[in-house]
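Open the model in your viewer and keep the selection tool ready.

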Amino acid sequence: MDERFQDEFVTWHHKTPVGIKVDEVFGMDSKSGKVWEEMARQIFAEQGVPDYRVICHFADGAPYIEGYPGRISLTHTNHFFAVAILPKTPEIKLDSFNPRAAMGIDAEPLSRDQVLKVRNKFLSETEQIMIPEDDVPMNILAWTAKEALYKAALCTGLNLIENIKLIKLPSIDDNPETNKVISLGDALLTFPSDLNIPSQEMKIYSYVSYGCCVSIAFSPKCAKFGK
């Protein structure tokens, strides 16, 4: 899935080993910027389902699919667009945090070495010791994990260092289609006291697709698709 396509879109619909479905759209390097992203969203809306899917947003910017009572999360980078989807959870409200639907996805190219220059902006001192300062893939993994955790928290204004803590990083799964043994990471989310939300233990799963590190953060209590 890392092969580059210059003049066509490629779509991939799959279920990750952690029970979260992901739809990916990538390729078409001849398109750029907002045009590419809008075309990728259009392809997602038209593929693999009987009815057209409309992506909407709550007041805080969190996405949802019109008429679908399940959490989704989006990521877009460098001609790569992905939508992570949880099963229907009509018993909860999707516009606020709930462990049953706590999930986020983020992706970045593994070659983006600029991450080394800003690691002190999103990693605590403890995390900087845990993650080598010259290891680009591991720093990319840490960045995508924190961004995915931020999306899963559904709480604007969280501090990436103070409120989102990486306890253990996963290994990057380089064969998500067939790998049966996976490595999960651990993280901790803390919220402002006025929200009355207890700290949440979270899991992280990361894999490689189209030259990107894709990280999914999720609560062990969230709804999952069965085998």
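Select the lining of the second largest pocket: nine residues are nonpolar, four polar and three charged. Here Ala, Val, Leu, Ile, Met, Phe, Trp, Tyr, Cys and Pro count as nonpolar, Asp, Glu, Lys and Arg as charged, and the others, Gly among them, as polar.

The model is predicted: local features need pLDDT of at least 70, side-chain atom pairs count only at pLDDT 80 or more, and totals for chains, interfaces and linings use all residues. Numbering runs from 1 along each chain as its sequence is written, and side-chain values use heavy atoms, without hydrogens and water.

Stay in this pocket. Its volume is about 260 Å³. Of its 16 lining residues, Gly-61, Ala-62, Pro-63, Lys-151 and Leu-154 lie nearest the centre. A pocket is an open set of points on a 1 Å grid over the protein atoms alone, where a 1.4 Å probe fits, with protein on both sides within 12 Å along at least five of seven lines; lining residues have an atom within 4 Å of a point. Volume is the space filled by probe spheres set on the points, which are joined across faces, edges and corners.

Next, select the largest pocket. Its volume is about 310 Å³. Among its 13 lining residues, Val-49, Arg-53, Ile-65, Tyr-68 and Ile-85 are closest to the centre. The lining has seven nonpolar, two polar and four charged residues.

Last stop: Thr-16. Its side chain places a polar atom 2.8 Å from the backbone oxygen of Ile-20. Show contacts (heavy atoms within 4.5 Å). Beyond neighbours within four places in sequence, Thr-16 touches Val-22, Tyr-205, Tyr-207 and Ile-216.

How values were computed:
A polar contact is a pair of N or O atoms within 3.5 Å; within protein, one must be able to donate a hydrogen and the other to accept it, and residues adjacent in sequence count only if both atoms are side-chain atoms.
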